[in-house]
Amino acid sequence: MVDKKKNTWYAKMKRTLCSVLPIAKNRKGKCINCGECCRLPIQCPFLKFKSDGKSYCSIYLIRPLNCRKYPRTKSECITNDKCGFRFD
Ligand code: SF4
């Protein structure tokens, strides 16, 4: 479940601005295509679903930096219980 208190447009704007910065070195794991980060703070129009229910990005090759790098840091990660990434 997404941390609702942190799921704000302000947080989205901050993640977008900070997405030019590098990904934290202590990030481990991989994306499992849960699609949770594509709903922050509202569902992205480019989020699509396969017949098996897995999500995918319909503009994957040209997706913006904040999507490419989510979750960039532990503090920016608000999808902890579903996301395949974690931080040591
Ligand atoms: S929340 Fe994590 S696992 Fe889910 S789609 Fe985003 S990066 Fe991938």
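Student: What makes Val-2, Thr-79, Lys-82 and Cys-83 contacts of Glu-36?

Tutor: In this predicted model, Glu-36 touches Val-2, Thr-79, Lys-82 and Cys-83, leaving aside residues up to four places away in sequence; two residues are in contact if their C-beta atoms lie within 7 Å, so each of these four pairs meets that cut-off. For Glu-36 and Cys-83, the C-alpha atoms are 7.4 Å apart in space, although the two residues are 47 apart in sequence.

Student: Why is Glu-36 called partly exposed, and where in the chain is Glu-36 placed?

Tutor: Glu-36 has 18 other C-beta atoms within 10 Å, and since a residue is buried at 20 or more and exposed at 12 or fewer, the value falls in between, so Glu-36 counts as partly exposed. The place of Glu-36 is in the loop between β1 (27-29) and β2 (47-49).

Student: How do you know whether Asn-33 and Asp-81 are buried, partly exposed or exposed?

Tutor: Asn-33, which lies in the loop between β1 and β2, has 15 C-beta neighbours inside 10 Å, and because this count lies between the two cut-offs, Asn-33 is partly exposed. Asp-81, found in the loop between α2 and β4, has 9 other C-beta atoms within 10 Å, and because the limit is 12 or fewer, Asp-81 is exposed. The C-alpha atoms of Asp-81 and Lys-4 are separated by 13 Å, and these residues are 77 apart along the chain.

Student: What is noted about the backbone of Asn-33, and which peptide bonds are cis?

Tutor: Asn-33 has a positive phi of about 55° although Asn-33 is not a glycine. A cis peptide bond joins Leu-40 and Pro-41, with omega about -5°, and Pro-41 is found in the loop between β1 and β2. The peptide bond from Tyr-70 to Pro-71 is also cis, with omega near -10°, and Pro-71 lies in the loop between α2 (65-69) and β4 (85-87).

Student: Which residues come nearest to the ligand, and how does the shell around the ligand divide?

Tutor: Of the 13 residues around the ligand, Cys-31, Cys-34, Cys-37, Cys-83 and Gly-84 come nearest. The shell divides into seven nonpolar, four polar and two charged residues.

Student: In what order do the elements of the protein chain run, and what makes the chain as compact as a globular protein of its length?

Tutor: From the N terminus on, the elements run α-β-β-β-α-β. The radius of gyration is 12 Å, close to the 12 Å that the globule rule gives for 88 residues, so the protein chain is as compact as a globular protein of that length.

Student: What pLDDT does the protein chain average?

Tutor: The average is 94, and 100% of the residues score at least 70. Among the elements, strand β3 (residues 55-57) has the lowest mean pLDDT (94) and β1 the highest (97).

Notes. Residues numbered from 1 in each chain as written. Predicted model: local features only at pLDDT ≥ 70, side-chain atom pairs only at ≥ 80, totals over all residues. Near = placed C-beta within 6 Å. Nonpolar A, V, L, I, M, F, W, Y, C, P; charged D, E, K, R; others polar. Helix = DSSP H or I, 4+ residues; strand = E, 2+ residues; numbered from the N terminus. Rg over C-alpha atoms; globule rule 2.2 N^0.38 Å. pLDDT = per-residue confidence, 0-100.
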